[in-house]
Amino acid sequence: MSGSDFGALGEESELIEVEPEAKQELLENKDVVVQHVHFDGLGRTKDDIIMYEICDVFKAKNLIDVMRKSHEAREKLLRLGIFRQVEVLIDTCQGDDALPNGLDITFEVTELRRLTGSYNTMVGNNEGSMAKLECRNDHLGVVDGRTPEKMWVFLAVNEMDVTVNLSVYKRMRRNVEWESLVDVLGLKFPNIFGRAEKVTFQFSYGTKETSYGLSFFKPQPGHFERNVSLNLYKVTGQFPWSSLRETDRGISTEINFPIWKTNHTLKWEGVWRELGCLARTASFSVREESGHSLKSSVSHAMVVDSRKSSILPRQGALLKINQELAGYTGGDVSFLKEDFELQLNRPFLWDSVSIPILSVVHNEYSGNYFLLIF
């Protein structure tokens, strides 16, 4: 066998051409078109309110813009308070009408239940100052502790399965002695009509007083900051340091809307107020104001808030200005009240935050000024 049988390795041999490596294209510079947006998991939610929140996704021009606008749409959907979870999936478009640069976006959502509930108890020496007995999901446990001032208990129950766990709670109530105890039951009907409406009911039953509250919340589609709410309530309070007991039964309606960097609230409130004495040692000024009165007032509030967090702010400022006028829309109480609050937050030493607060209240009825600095 000769070498010629295998072919000569000379000029007659063919050269194998190696294709150059394809140049990788930057995704952020590639023009794309959002062709379809799908929703998986929608039940009672209406399509029109969803379209207001995701319409900006169709305006995206490149992949990075699609990701950014999809994340913004997800945050808007969660802000509505009607979804428990929202996930976003971005994929290439499939089908006969698919474009080479077309994208499909899928929002996988999980709606909240039609009815959610909570149950908690506050215990202490005074219903005006209570420790809270918490209710959490998927746990059952009792932790008992005693302090010289008050008794506190933590009880955790399932969200809507309270019947079995209440037997433990009732036994606990018989074994523990306290002066004041308030049971609070809350019910929420989220997305009741399919456009982010919400009905909330709260009932509290105490050893001394009973209170309740019913509210209806309705946002404007596409502008969640613009909303209307109606409230019906009964609130009771005891103030032992003044020997005063107050019971308010009222109805109110308010409109919230933003203007530039400020948030405004217009509110009308009608309150039937009942004042009474807790003890025979009540002062004459308290006895003089005792009895029934009817208040009808109109108020306006403006808030400018540059804080990143309203609970634990590290920097930013807060300004609240409120005016309330009563007596010109009915009732037997007339006054003009003005107050404002200024809060400044600045980082301090050792990772702490300095929060000076200035609050001023002026009551035209009494002519008094109150200045509070914290």
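A crossing of two helices is right-handed if the near helix is turned clockwise from the far one by less than a right angle, and left-handed if anticlockwise. The views below are taken from a predicted model.

**View 1. Helices α1 and α2 cross in the right-handed sense.** Helix α1 covers residues 47–54, and its axis comes within 8 Å of the axis of α2. The two axes cross at roughly 140 degrees. An angle over 145 degrees would count as roughly antiparallel; α1 and α2 are therefore oblique to each other. On the α1 side the contact is made by I50, E53 and I54, which meet A73, K76, L77 and R79 of α2. Of the residues in this contact, 4 are nonpolar and 3 are charged, with no polar ones.

**View 2. Three strands form an open sheet of mixed pairing.** The order of the strands is β1-β3-β2. At the edges lie β1 (33–40) and β2 (83–92), each of which pairs on one side only. Neighbouring strands of the sheet are turned against each other by 20 degrees on average, direction ignored. Helix α2 (residues 63–79) packs on this sheet and touches β1, β2 and β3. The direction of α2 makes about 165 degrees with that of β2.

**View 3. Strands β1 and β3 pair in the parallel sense.** One of the bridge pairs joins F39 to F107 in β3.

**View 4. Strands β9 and β10 form a hairpin.** Between the two strands lie 3 residues. Strand β9 (residues 198–206) and strand β10 (residues 210–220) run antiparallel and are joined by 8 bridges. V199 has F216 in β10 as its bridge partner.

**View 5. Strand β10 also pairs with β11, in the antiparallel sense.** Strand β11 takes in residues 223–239, and the pairing with β10 runs over 9 bridges. L214 is bridged to L232 in β11. The hairpin of β10 and β11 has 2 residues between the strands, and G222 in this hairpin takes a positive phi near 90 degrees.

**View 6. Strands β15 and β16 form a hairpin with 3 residues between them.** Strand β15 is made up of residues 316–331 and strand β16 of residues 335–347. Their pairing is antiparallel and extends over 11 bridges. Within this pairing, L325 stands opposite L336 in β16.

Technical notes:
Residues numbered from 1 in each chain as written. Predicted model: local features only at pLDDT ≥ 70, side-chain atom pairs only at ≥ 80, totals over all residues. Heavy atoms only, no water. Pairing = 2+ DSSP bridges. Helix = DSSP H or I, 4+ residues; strand = E, 2+ residues; numbered from the N terminus. Axes fitted to C-alpha atoms, helices over the stretch in contact; angles between N-to-C directions. Contact = heavy atoms within 4.5 Å. Parallel < 35°, antiparallel > 145°, perpendicular 65-115°, else oblique. Nonpolar A, V, L, I, M, F, W, Y, C, P; charged D, E, K, R; others polar.
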